[in-house]
Amino acid sequence: MKISYAVPAGLLAASLLFAGCAGKDNSNNNGDNNNSGNNAAAQASSGTANVVKAGDETSADFTTAINEYRKYVIEECDEFVKQTEGFTDAVKAGKLEAAKALYAPARMHYERIEPIAEALGDLDPNIDARENDVDAAQWRGFHKLELALWQNNTTEGMTDVADRLLKDAQLLRAKVETAGIDANLLVTGAVELLNEVSSSKVTGEEERYSHTDLYDFVANVEGAQKIYELLKPELSKKDPDLAQTIGDRFTALLNELAPFKSGDGYVSYETLKEDEIRKLSQNLDALAEPLSNMGTILGV
């Protein structure tokens, strides 16, 4: 983004006064004075150009961050497709416990890059809509399978749902290659990931049948942290204190989540006590506030 600057009022007034004086002198003096006036005007014009140029030079270049984020999204999406295929194969094979074990790990790869999916039409609701988020006839994806596996305790009748989920995952992977990504998407994406946590993960609403909310919680935070890390070099140039604060609060939140890790996964959200959930929510709020200021500082 190019930054333009307004000419200060004092400088503008001085320029007008100078121009007026030059005009008066020109009516009484010879051609040498005319040349002097023209030279002064040229210098004033040159000074304005320098201000604009200086602004351009201080504009942040997000090209590297955008390219690195696309690379990250593609890597996560590759893993998402791979693990979703394993999960849906288990569903179609009637392997209930295996499907349950594969459900949450596959979703983590999606939750890290959800801002991209949300920017690609119906892919997010097709993959991630919860019951009652869409019309019953249109409902499909992970959470429909979650209901079958945990609430109904069966995989029966879920073959078509599993097949469509895998196709949607593959379509997402195909689209991320050319998806439009800019600095604004990065900044808003990081904030939206934390909003996802506060609106549905920390309340236990997202995974209402499986109670695997902590997988989603951690993945959303990791996705937001990745965006912050990519933007940190430019943010540190403009506001090093804010960059440090955001980094410290990401660390605090992830440290608060660490005790809930179990093996390669996380404990059921039902096992958390009220004070533990409250502490997570407080750390989340402490991070969300400075993170929401990142876009303003970066000018996107």
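Me: The expected span of a helix is taken as 1.5 Å times one less than its number of residues. How do you know that the length of α10 agrees with that rule?

Reply: Helix α10 covers residues 213-238, 26 residues in all, so it should span 38 Å at 1.5 Å a residue; its end C-alpha atoms sit 36 Å apart, which agrees. Helices here are DSSP runs of H or I with at least four residues, strands are runs of E with at least two, and both are numbered from the N terminus. Bear in mind that this is a predicted model, where local features need pLDDT of at least 70 and side-chain atom pairs count only at pLDDT 80 or more, while totals for chains, interfaces and linings use all residues. Numbering starts from 1 along each chain as its sequence is written, and side-chain values use heavy atoms, with hydrogens and water left out.

Me: What makes K232 a kink in α10?

Reply: The bend at a residue is the angle between axes fitted to the seven residues ending there and the seven starting there. At K232 the kink comes to about 55 degrees, shortly before the proline P233.

Me: How confident is the predictor over the chain, and what about residues 1-57?

Reply: On pLDDT (the predictor's confidence in each residue, from 0 to 100), the chain has a mean of 84, with 80% of its residues at 70 or more. Residues 1-57 fall below 50, and beyond near neighbours in sequence this stretch has 16 contacts in the model (contact means heavy atoms within 4.5 Å).

Me: Why is the pair D163 and K92 called a salt bridge?

Reply: The term needs a side-chain nitrogen of Lys or Arg within 4 Å of a carboxyl oxygen of Asp or Glu. The closest N and O atoms of D163 and K92 are 2.8 Å apart, and they form a salt bridge. D163 is in α8 (residues 159-176) and K92 in α3 (residues 63-92), so the pair ties together parts 71 residues apart in sequence.

Me: Which partners does R130 have?

Reply: R130 forms salt bridges with D133, closest N and O atoms 3.2 Å apart, and with E205, at 3.5 Å. R130 lies in the loop between α6 (123-128) and α7 (142-151), and E205 in the loop between α9 (183-201) and α10, so this pair ties together parts 75 residues apart in sequence.
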